[in-house]
Amino acid sequence: MRTRKLLMAVAALFVIGGSLAFAAKPALDGVKCVMQPTKAIDETNSVDWKEGKVYFCCANCPKAFTANKEKHAAKANAQLVATKQYKQEVCPISGAKIDESTAVEVRGAKVAFCCTKCKGKVEAAKGDEQVDLVFGEEAFKKGKFALVKEEKK
């Protein structure tokens, strides 16, 4: 009886409120594997990460990722941004307001900075160091990367 009343209340709120927010559908065109960045993903190989999903090229990659998530967190965060599941709010280096004219691509994801000094710091870094600077856990928090939500009516 309680369950039925609760379901009726939720349905009424939905009808009155009109919409709910859901995570945005990932943009997977051209996305590369978190573990093997030269290989295209296979949508059937994915793992939940933060409030989104990260994708891999084969069934072995999710296992390797899951075994050491901390090591691969920056790459997974980069893919969340590249697939447009997450978006950047501020500079991941300084935490200041971003200037879109400073935007560069890092591991398939567009990222912008507050100034050319922060942009230059990232451009001077190479490979995983560059990914860690922009998408490491600390930078991800500082950049206020947030889940992209779609409104459903």
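Good morning. Because the model is predicted, local features need pLDDT of at least 70 and side-chain atom pairs count only at pLDDT 80 or more, while totals for chains, interfaces and linings use all residues. Residues are numbered from 1 along each chain as its sequence is written, and side-chain values use heavy atoms, with hydrogens and water left out.

I begin with the overall architecture. The protein chain contains 6 helices and 8 strands, where helices (H or I, at least four residues) and strands (E, at least two) are DSSP runs numbered from the N terminus. Along the sequence, their order is α-β-β-β-α-α-β-β-β-α-α-α-β-β. Of the 153 residues, 38% are buried, a term that means under 20% relative accessible area with a 1.4 Å probe, protein chains only. The chain exposes about 9,400 Å², and carbon and sulfur atoms supply 54% of that area; the accessible areas come from the Shrake-Rupley method with a 1.4 Å probe. Taking contacts (heavy atoms within 4.5 Å) between residues at least 6 apart in sequence, 57% join residues at least 24 apart.

I now turn to the helix pairs. Helix α3, residues 69-82, packs against helix α5, residues 127-135, at an angle of about 65°, and their axes are 9 Å apart. Axes here are lines fitted to C-alpha atoms, for helices over the stretch in contact, and angles run from 0 to 180 degrees between N-to-C directions. The two helices, α3 and α5, are therefore roughly perpendicular to each other, the term for angles of 65 to 115 degrees. From α3, the contact involves Ala 73, Ala 74, Lys 75, Asn 77, Ala 78 and Val 81, and from α5, Asp 128, Val 131, Asp 132 and Phe 135. By class, the residues of this α3 and α5 contact comprise 6 nonpolar, 1 polar and 3 charged. In this classification Ala, Val, Leu, Ile, Met, Phe, Trp, Tyr, Cys and Pro count as nonpolar, Asp, Glu, Lys and Arg as charged, and the others, Gly among them, as polar.

Helix α5 also packs with helix α4, residues 116-124, at an angle of about 145° and with axes 8 Å apart. Lys 121, Val 122 and Glu 123 of α4 meet Gln 130, Leu 133 and Val 134 of α5. That contact has 3 nonpolar, 1 polar and 2 charged residues.

What of individual residues? Lys 75 lies in helix α3 and, at 17% relative accessibility, counts as buried. Apart from neighbours within four places in sequence, Lys 75 contacts Val 34, Arg 107, Asp 128 and Val 131.

Cys 33 sits in the loop between β1 (20-23) and β2 (42-49), and its 0% relative accessibility makes Cys 33 buried. Although Cys 33 and Lys 75 are 42 residues apart in sequence, their C-alpha atoms are 9.3 Å apart in space. The contacts of Cys 33, leaving aside neighbours within four places in sequence, include Cys 57, Cys 61, Gln 79 and Arg 107.

Conventions:
Angles under 35 degrees count as roughly parallel, over 145 as roughly antiparallel, 65 to 115 as roughly perpendicular and the rest as oblique. Buried means under 20% relative accessible area, exposed over 50%, partly exposed in between (1.4 Å probe, protein chains only).
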